[in-house]
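Hello,

Here is the structure I said I would pass on. Please open it beside this email and follow along.

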Amino acid sequence: MGANIEIRDAFKTFGHGPRAIQALEKASLDIRPNEFVTFVGASGCGKSTLLRMIGGLESLSSGSIAVNGQPITGPGVDRAMVFQHYSLYPWLTVLDNIRFCRQLKAHTRDRTSADVEKASGRADALIRLMGLSHVAHAYPNQLSGGMQQRVAIARALMSRPPILLMDEPFGALDAQTREVMHDLIRHVHRIEGSTIVFVTHDVEEAIYLGQRIVLMAPRPGRIDTLYDVPLPAERHQDMKLAPEFLALKRGILERIRETSGMKTDLEQLARLSAAAADLET
């Protein structure tokens, strides 16, 4: 089962004095158990910083983040992260990469043969779920990018984490592979029931995957707008052409332009283009 995440007045400042950068300001949000939430926004809006703070990889300057009422003070077994770069161990096979977190406990006193069998069964089930059975004994450099990311997701799921944190995990994949991974991660969410927090710069990806979208704005980074996604739980790629999907996409893109100042930049570009045309006459 997933977990509840409570973010209260989270601030993050990098550096000190006149050179300090306010990366995140007064962020507050509740994420429900089993919810799939996607974060979007312009570069520098603090979405990856906030994700790392939930993961315990980045400390807060002030405020609090709690999981099921327990304050986050660092990384924990209740949270697993998947990054854009797969970070697989090149000397381990697919199966051994997935089993790695359990192998670290192999020599503890309370480790039993039943535990080992259960872990092996879990790894085998995840390999089948990810469609990796035919490459279970291959090494990462023998796999495509999409397959490597499947291994990374399976490894993150190995310990049954209540929370799965994903930082632009499909950003380096081609369009066709991304669509396959979108349907896969939604399938995993239905089966595993984890709370998923997913950061992306792709608005279409955010809508297709999420139940709720958090739009963040830059300078300083902050939570700007929350959107409920008007799509059913069972989704397919053709829904990206639905009027409600396209309307939401347009609205989010417009808001990103407004909060990032891109609209002003586009207007300035139009003026410069007009001036250049005058020079040619």
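Arg155 is buried (under 20% relative accessible area; over 50% is exposed and anything in between partly exposed, with a 1.4 Å probe and protein chains only), yet Arg155 has no salt bridge. A salt bridge here is a side-chain nitrogen of Lys or Arg within 4 Å of a carboxyl oxygen of Asp or Glu. The nearest side chain of opposite charge is that of Asp96, 12 Å away; Lys and Arg count as positive, Asp and Glu as negative, and His and the chain ends are not counted. What the side chain of Arg155 does reach is the backbone oxygen of Ser87, at 3.0 Å. Arg155 belongs to helix α4, residues 145-157. Helices (H or I, at least four residues) and strands (E, at least two) are DSSP runs, numbered from the N terminus.

Before you go further: this is a predicted model, in which local features need pLDDT of at least 70 and side-chain atom pairs count only at pLDDT 80 or more, while totals for chains, interfaces and linings use all residues. Residues are numbered from 1 along each chain as its sequence is written, and side-chain values use heavy atoms, with hydrogens and water left out.

Next, helix α7. Which residues of α7 are buried? They are Phe245, Leu248, Ile252, Ile256, Thr259 and Ser260. These lie on the same side of α7 because they cover an arc of only 90° around the axis, the arc being that of the directions from the helix axis to the C-beta atoms. On the face turned away from that buried side are the exposed residues Pro243 and Arg250. After α7 comes Gly261, with a positive phi near 80°.

Asp9, in strand β1 (residues 5-14), has a phi near 45° and is partly exposed at 37% relative accessibility. Arg160, in the loop between α4 and β7 (163-167), has a phi of about 55° and is exposed, with a relative accessible area of 53%.

Last, look at the peptide bond between Arg219 and Pro220: it is cis, with omega about -10°. Pro220 sits in the loop between β9 (212-217) and β10 (222-228).

Regards

Definitions and conventions. A polar contact is a pair of N or O atoms within 3.5 Å; within protein, one must be able to donate a hydrogen and the other to accept it, and residues adjacent in sequence count only if both atoms are side-chain atoms.
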